[in-house]
Amino acid sequence: MKKTLLIIVWVAVIVLAVQFRTVGLYRGLTTGGIYHPDEPKQVLALWRYLNNKYLWYVGNLFYDGYPYGLNHVDEMVLRPVLAARNAANRFVDSERSLNTMPEVSDLYYFARTLRVVYGLLAILLCLAASRKLSFSRSALWCVALFLAMAPISISVAHFATGDIGTNLFSALMLYFLCVYSRNHRGCWLFLAGVSVGMAFACKYNGILAGGAAGLYLVSNAVIYKDWKWFFRSSGTLVVGVILGIVILTPALLLDWSQTSGDIVANFKFIRNYGAGSWWDEMSLPSQAGYVLFKTAPRIIGHIGWVIILSAIAGLFFSGREMIKMARRKTADVEARKAILTFSIFMYPFVAFCLSISGKPEVHPFHFSYLQIPFVMGAVYGIGQVGRYAAKPVLRLAVLCLLIAAALELGLTAQKDSFFWARQDNNFIIHKNPERLFTDKGRGVGKIAVVKSVFLEPQNAAVFRNRRDPFKMYGGAFWKDLKIAPVPSIPYPDDQDWIFADGPVFPRNERMFKVKRDTCEAKHIVFHEKPTTVSIGLRSGSWPVEIRIEMGGVQETVRLAPNSQELISMTPERWRHLTDDEHDVFLVPLEAEAVVGDAYVTVCANSSDSAVFRVFGGDVDAVLPELPDGVSLEKLVSEVERTRYIESAEVEYRFLTASRSKDVKCVFPPRETHEPVSMPLPCGTFIFECEALVTSEKAEVLMQIGDARYTGVMTQAEQSIQLAKGHNVIKYVFSKKFAPYQCSIVMHCTEGTVRVGAWTLRPEANQPVADKYRISNIEYRISKGREEGRGWRTEARDSAFAKATADKQRAEGGDDVVFGDAFRMTRMSVPDELQVDDVLSIDCGMELIKYPFRDYSEYFVFIHLLDADGGQVFASGFPVARAVINAGVPGAVIELGRLKGVGPGDYTLEMGIWNGRTRKRLNVSGAASDDKDRSKSKIRIGKVRLK
């Protein structure tokens with residue numbers, strides 16, 4: 001039982017260390033968001049080493065003379081790994097290349113993964129060194145736990161840089177030094193020196209790791225007056241250091257003069273980096289005060305105040321023990337261990353003071369290698385306090401000290417983990433301008449700050465979520481405008497943050513899509529305490545049930561197809577972060593949609609809500625007036641240079657005139673069997689497309705309609721004549737809100753056309769007419785047939801409808817219901833048709849089952865039966881199409897041409913079945929004259945063929 005508990009404890013600590021170091025490990029790699037400026041050059045160096053290029057010069061001290069030692073370690077590890085991978089690939093496919101090296105972009109994944117491995121190895125080496133210093137089992141648990149949660153140790157494990165190398169090799173040095181102290185064999189001291197040299201080759205401050213060995217040698221020489229041994233041992237240590245540097249810096253052997261000169265120049269460059277004239281003009285006492293009261297506290301805060309204070313206690317107790325052993329004048333193992341313990345606990349304080357002296361700015365993660373001896377000293381100090389604490393009150397104080405240290409590190413690590421798992425604002429700062437504006441927007445207007453993207457105070461990673469503001473050309477105009485009075489669409493990239501301040505662009509950064517049967521998690525960023533927030537919800541071609549949870553408040557909303565709703569929510573919880581200049585409130589927002597796609601918009605103010613209502617078809621909504629000083633002409637020019645919807649890549653396609661309208665080009669293109677759609681609110685839009693006409697002339701027919709069920713808006717159709725050669729097709733159309741998820745279809749009715757790149761943008765110059773603000777439209781399903789031919793417009797006035805209603809009342813039912821999932825809202829069929837004519841019906845359904853994750857699997861079947869009950873025609877359509885039609889009065893569904901069906905009277909029956917399981921839904925609330933007929937289908941009417 002005791003052994004099992006021991007295993008569980010160690011596994012838990014390892015899992016904790018791995019979790020903190022791997023969360024968000026590959027963040028930014030898919031979008032090119034490299035947030036640490038040293039990563040690209042280090043990964044490029046690794047790529048060069050793997051390709052046997054060990055010497056190069058750039059002529060810039062940011063590159064030349066930079067320590068690339070850990071990249072050589074990466075190379076040594078990756079060469080056998082890549083060789084094994086290539087061998088496995090050749091085994092699977094013999095035609096593969098004999099030796100393939102990863103691309104530079106792929107090496108980021110390899111390098112960051114190795115940083116996690118190095119970080120875990122550093123913890124294991126620290127535990128091994130602590131064990132050599134006779135730490136108890138419980139003390140080892142504390143060391144492992146504290147290092148697993150140490151924020152700066154976690155940070156350097158996320159960088160593809162050399163910082164983690166100082167951790168690894170300084171920990172290795174401590175282990176070799178502990179082994180050396182037991183027998184004073186020179187080989188172990190030599191290996192300790194090699195480790196120090198390798199730490200220096202990874203990061204120049206790694207040379208300070210040799211302070212532990214230096215202090216140990218000096219202390220022994222002073223106590224035992226053996227200076228001959230001191231100089232001999234120091235020589236061994238120095239030789240090891242030099243060898244370690246050369247091993248991981250082979251360029252010194254290839255070009256000693258240039259490489260050594262660059263190292264010295266780079267060392268001076270880094271030493272004075274960030275120290276401008278303001279620093280040089282300060283007096284020495286002022287500089288000391290700045291370092292003591294501003295630089296040092298910030299760094300200590302990331303190492304841990306409790307850890308530092310406990311490490312001071314550990315230094316005191318170890319010094320006391322060393323003095324006690326020195327009085328014995330006996331250089332035995334216990335005495336050497338006491339001297340080494342003091343040296344290890346003393347050297348991080350010395351290295352810390354040397355590192356911050358004379359520099360105004362030092363990044364906290366540069367002290368990650370000192371986290372190890374600080375933690376060892378802290379655990380030792382707490383243990384010694386407990387050892388001498390005889391009173392229960394003091395023992396309780398020791399327990400509180402351990403808990404305080406764990407909480408300080410754990411809470412900081414948890415906060416860091418929260419941000420590691422989310423997108424860096426570096427992407428917003430550098431990528432958003434080009435995602436929001438076209439190239440013609442470059443240089444238009446002055447560069448101005450649009451919004452603050454502050455997310456967190458100074459952190460251990462330093463380069464994560466930097467405080468740079470979001471700037472862009474013409475930013476002052478957009479900041480004054482606040483929201484463009486045009487229909488907006490979701491921002492094309494997935495983002496973790498929704499900033500409540502700043503303007504709203506046509507590509508709305510506060511709007512996002514929630515795909516059916518998925519859940520999206522965001523955080524709304526406020527810069528003042530949040531109050532009531534309006535959330536706009538829209539549905540597409542399918543009905544939607546969406547659960548919204550914001551700041552601990554939850555609400556579930558059901559929407560019919562092509563509809564919207566605005567809800568108000570007041571958050572009850574958030575994450576509040578502050579520093580001397582900023583306040584930020586991060587409110588969690590979670591949206592889960594079932595059945596259909598949903599579109600969520602965060603409306604931060606009344607103007608946002610008004611624009612959302614207007615372009616969602618609300619006839620009572622009014623657009624906000626333009627601010628003073630913002631002209632309509634300026635608005636039009638600014639909107640014209642924004643991005644809206646466009647072709648991702650130019651994929652040319654030929655269209656040739658054909659009798660069949662199935663030869664068409666759809667925008668956006670259908671890449672799979674699933675229809676691709678774009679969300680378009682009501683309003684006026686401009687579609688432009690490059691076209692090359694290879695015939696003498698050509699004509700194209702432009703249409704817009706429901707992307708899923710090919711419903712076409714007849715009032716938006718337009719024929720465009722094209723001349724031979726290069727053309728730009730310009731299609732201006734206005735649409736009502738429905739269908740919200742739609743596509744543009746181009747038919748070639750004459751000639752031959754090659755279609756190229758295309759763009760779609762809203763028209764800002766034309767106001768929204770009332771006729772385009774109706775929530776639904778009447779759009780034609782029929783393909784070219786005369787609309788309304790052979791149709792009854794009154795669905796409930798036929799004899800069939802009356803008979804069905806009487807039966808339902810007799811049975812106590814209100815409507816026809818299929819499987820407690822769908823309720824029929826209307827149904828009418830033609831009284832008579834001509835032979836070989838097209839059979840169409842007017843069918844409307846209402847979804848009454850929520851949630852309904854299998855919604856897309858259900859289809860309506862229609863059977864045409866003769867007088868003897870024989871089936872002479874069968875057809876069907878997705879039940880979702882009938883649900884859409886429920887909100888479109890007069891819409892019809894074509895079932896197909898009645899080929900081979902002769903004149904006579906026929907009966908129409910219908911039901912709903914699952915296309916996957918092939919099972920039909922039972923019918924309730926429906927009546928039938930045939931008592932023996934199964935309740936899995938109903939009779940919907942009769943039709944006469946002439």
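Predicted model: local features only at pLDDT ≥ 70, side-chain atom pairs only at ≥ 80, totals over all residues.
Colleague: Is Lys-522 buried or exposed?
Modeller: Lys-522 forms a salt bridge with Asp-494, the closest N and O atoms being 2.6 Å apart. Asp-494 lies in the loop between strand E3 (489-490) and strand E4 (497-499), and Lys-522 in strand E7 (residues 518-526), so the pair ties together parts that are 28 residues apart in sequence. Asp-494 is exposed, with a relative accessible area of 54%. Because buried means under 20% relative accessible area, Lys-522, at 5% relative accessibility, counts as buried.

Colleague: What is the strand order of the open sheet of five strands?
Modeller: Strand E29 (893-897) and strand E31 (923-924) are the edge strands, each pairing on one side only. Strand E24 (residues 822-828) pairs with strand E26 (residues 838-847) in the antiparallel sense over six bridges, and Phe-822 stands opposite Leu-847 in E26. With antiparallel pairing, the order is E29-E26-E24-E23-E31.

Colleague: Which residue takes a positive phi in the hairpin of E27 and E28?
Modeller: Strands E27 (residues 858-865) and E28 (residues 871-878) run antiparallel and are joined by seven bridges, one of them pairing Ile-862 with Ser-875 in E28. Five residues stand between the strands of this hairpin, and the one with a positive phi, near 85°, is Gly-869.

Key. Residues numbered from 1 in each chain as written. Heavy atoms only, no water. Pairing = 2+ DSSP bridges. Helix = DSSP H or I, 4+ residues; strand = E, 2+ residues; numbered from the N terminus. Salt bridge = Lys/Arg side-chain N within 4 Å of Asp/Glu carboxyl O. Buried < 20%, exposed > 50% of the residue type's maximum accessible area, 1.4 Å probe, protein only.
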